Structure formats: C-alpha cells, structure tokens
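Here is a short briefing on charged side-chain contacts. Have the sequence and the model open as you read.

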Amino acid sequence: LGSRRGMEDLEEFFKDLDSIFAEVKGISDTAKQDKKFDEANEILNDIQVEILSIPSKSEKAEAKKKYQDYKKRLQSIKRKALLEGGEKTTSNLSGLEKTKQGLNKLNGARDMLMGTEEVGQKILSDLVEQKETIKRSTATMKDTNSEIRKSHSLADKMGRWFRA
C-alpha cells in the first residue's frame, strides 16, 4: 500500500511537471520563465526523495528512468527558452534591462551546466558501484570454483578408496 501511494504521488509530480512545461512555452518574460523553472526543479527534487522510498526494485527503476526523462526535458526546454530569449531582445530595452536579461540567461546556462554535471556525477557513481559489484562477483566465483575443485578432488579420492 505504501509503495502504491508513493507511485501515485510520483504520477502527480509528473503531471505537475507536464503542466509547468506547457505553461513555460507560452511565457516570453524570462523572469517568469525562471520562476517556473525553479518550481520544476523543486518538483524534481521532491521526486528524487520520493523515489528513495519505493521498496520495489522494478518500480524504483521505472521511476528513476521517468525522472531522468523529465529532467532531460526540463534541460531541453530551458535550453530552448534560453536560445529563443536571445533572439527576442528588442532595441527599446534600457541598458539595465538588457543586463538583467543577460544575467538571467547566464544563470540559466549555469543551472543547465550544473544539472549536466550532476547527471555526470551520478553516472560515474553508478559505474563505480557496478565495478565494485563485478569485483565482488568475480571473487565469489573464484572462491566457488576453488571449493568445487576441492570437492571434486575429494570425491575422486573417495571413489578410489571405495573401489580398492
């Protein structure tokens, strides 16, 4: 029941993200877009916490994949908004407004970079974990093979003794 509730919460979070993604497409003001992006990032953080509480490995894997997909979608939408924002600059903006827009764009690019770095760190962490798992499996396999050889040798000796 707890797992089911967690999955329902996740689905609500994903619906909220879909709604934010749709809203952002209709917003041309970068400050308002940034607020929506912050809201989406908060929801993604909530999803990460929720995923940790899922006991079922298959459901957890499915939720992680969906989380990664939504995270990539957010980065893509941010990137697109950043590029479109650069094209929409108008000549009637004051120097201060242009500076603010430029700063917002830089902050957006920095956030995107940090998100990419976070994904890279997670991948490296997963690879290290998988490497350790493979090392343990290899060691266990070697120990098992050694024990099988000993058992085989003992069985041979017992067979010779029995025939004698």
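K36 is buried, at a relative accessible area of 18%. The cut-off for buried is under 20%, so K36 falls on the buried side. Keep in mind that this model is predicted.

**Contacts of K36**
- K36 forms a salt bridge with E23, and their closest N and O atoms are 2.6 Å apart.
- This pair links distant parts of the chain: K36 belongs to helix α2 (residues 30-52) and E23 to helix α1, 13 residues apart.
- K36 also meets E39 in a salt bridge, at 3.7 Å from N to O.
- K36 and E39 are three residues apart in helix α2, so about one helical turn separates them.
- Salt bridges link E23, K36 and E39 in a network.

- E23 is partly exposed, with a relative accessible area of 35%.
- E39 counts as partly exposed too, at 36% relative accessibility.

**The D18 and R73 pair**
- Which residue forms a salt bridge with D18? The partner is R73, with the closest N and O atoms 3.0 Å apart.
- The pair links distant parts of the chain, 55 residues apart: D18 sits in helix α1 (residues 2-25) and R73 in helix α3 (residues 57-87).
- D18 is partly exposed, with a relative accessible area of 31%.
- R73 is partly exposed as well, with a relative accessible area of 37%.

**Overall count**
- How many salt bridges are there? The count comes to nine.

Note on methods
Residues numbered from 1 in each chain as written. Predicted model: local features only at pLDDT ≥ 70, side-chain atom pairs only at ≥ 80, totals over all residues. Heavy atoms only, no water. Salt bridge = Lys/Arg side-chain N within 4 Å of Asp/Glu carboxyl O. Helix = DSSP H or I, 4+ residues; strand = E, 2+ residues; numbered from the N terminus. Buried < 20%, exposed > 50% of the residue type's maximum accessible area, 1.4 Å probe, protein only.
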